[in-house]
Amino acid sequence: METHVPHVNDEENEDPGAAPYGNFINYYTFNPPENRLSLIPETLLEDIELGSERVLILDVGCNSGDLSVALYKHLLHEEASGSDFSKREVYLLGFDLDQDLILRAQNSNPFPQNIQFVPLDITDDPESRAVLESYLGRFGCPRFHLCTCFAVTMWVHLNHGDAAFLSLLSRLASLCEFLLLEAQPWKCYRSAARRLRKLGRSDFDHFKTLEIRGDTAAHAREHLEKRCSMDLVQSFGNTTWDRSLLLFKRR
């Protein structure tokens, strides 16, 4: 898979849901950060006992970085209490396979000392592994304390198949102590395929042959718990798009 996936073209601007890799150029105009943050407690780091130490957060598929920055501020209570950022060391690394979106994220990043954005494809294992291990090595940490993966699993699943879907989950589990996962439900798969056909494009390579169907969040949970030594510790409910936010912890 190419490491540089161009951002969606003018035709796709008319139907932003048709981006074949989920790399929408205006994603946060129709799914703003608040849709997730309203479900995530500001005290999450304290609740999972990460509030008093250096915390490393990985945001997988960060798009243009809007949610990454909003989550960072949300977890540090900046807007609610004006907390001093120096009191807690929190660092966030966001990545996306679309270099144009990452450039936008880098150019609009208000916290460059604590937030970094890099172009990276999680399915390109040798490269992504090297980059992430290098980042962790800077802090002397074996893995990230918290990994967020919002609405990414479907795109890997559609473009690379069942094995890649499970491999992604295993990869994420190996990278973190806590995983906050939002897996798109099956109705989103059908909508994504329908939008591509509407534009006269070829269908996703694996859509018709996928065996993992139905309740994809349940499939993800089963794999994480049975194969990845993680346990579901909390569900934060469903977003306005009816997607569950599930928090897993490494055993």
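**View 1. Asn35 sits in helix H3, residues 34-37.** Helices here are DSSP runs of H or I with at least four residues, strands are E runs of at least two, and both are numbered from the N terminus. This is a predicted model, where local features need pLDDT of at least 70, side-chain atom pairs count only at pLDDT 80 or more, and totals for chains, interfaces and linings use all residues. Residues are numbered from 1 along each chain as its sequence is written, and side-chain values use heavy atoms, with hydrogens and water left out. Asn35 has a relative accessible area of 14%, so it goes down as buried (under 20% relative accessible area; exposed is over 50% and partly exposed is in between, with a 1.4 Å probe and protein chains only). Skip the neighbours within four places in sequence, and Asn35 is in contact with Thr239, Thr240 and Trp241 (contact means heavy atoms within 4.5 Å).

**View 2. Ser64 is in the loop between strand S1 (55-60) and helix H5 (66-75).** Buried or exposed? Ser64 is buried, at a relative accessible area of 5%. Not counting residues up to four places away in sequence, Ser64 touches Tyr28, Leu101, Arg104, Ala105 and Ser108. Asn109 is 45 residues from Ser64 along the chain, and their C-alpha atoms are separated by 9.7 Å.

**View 3. Helix H7 (residues 99-107) has Leu101, Ile102 and Ala105 buried.** Looking down the axis of H7, these buried residues fall within an arc of 100°, so they line one face of the helix (the arc is taken over the directions from the helix axis to the C-beta atoms). Their cover includes strand S2 (90-96) and strand S3 (115-119).

**View 4. Helix H12 covers residues 216-227.** Its twelve residues should span 16 Å at 1.5 Å a residue, and the end C-alpha atoms are 16 Å apart, so the two agree (the expected span is 1.5 Å times one less than the number of residues). In H12, the buried residues are Thr216, Ala217, Ala220, His223 and Leu224. Seen down the H12 axis, the buried residues fall within an arc of 125°, so they line one face. What covers them includes helix H10 (162-175), strand S5 (176-182), helix H11 (186-198), strand S6 (230-238) and strand S7 (244-250).

**View 5. H10 packs against H12 at an angle of about 55°, with the axes 10 Å apart.** The axes are lines fitted to C-alpha atoms, for helices over the stretch in contact, and angles run from 0 to 180 degrees between N-to-C directions. The two helices are therefore oblique to each other (under 35 degrees is roughly parallel, over 145 roughly antiparallel, 65 to 115 roughly perpendicular, and the rest oblique). On the H10 side the contact uses Phe165, Leu166, Leu169, Ser170 and Ala173, and on the H12 side Thr216, Ala220, His223 and Leu224.

**View 6. Ser229 and Asp242 both have positive phi, at about 55° for Ser229 and near 60° for Asp242.** Ser229 follows H12, in the loop between H12 and S6, and counts as partly exposed at 38% relative accessibility. Asp242 lies in the loop between S6 and S7 and is partly exposed too, with a relative accessible area of 42%.
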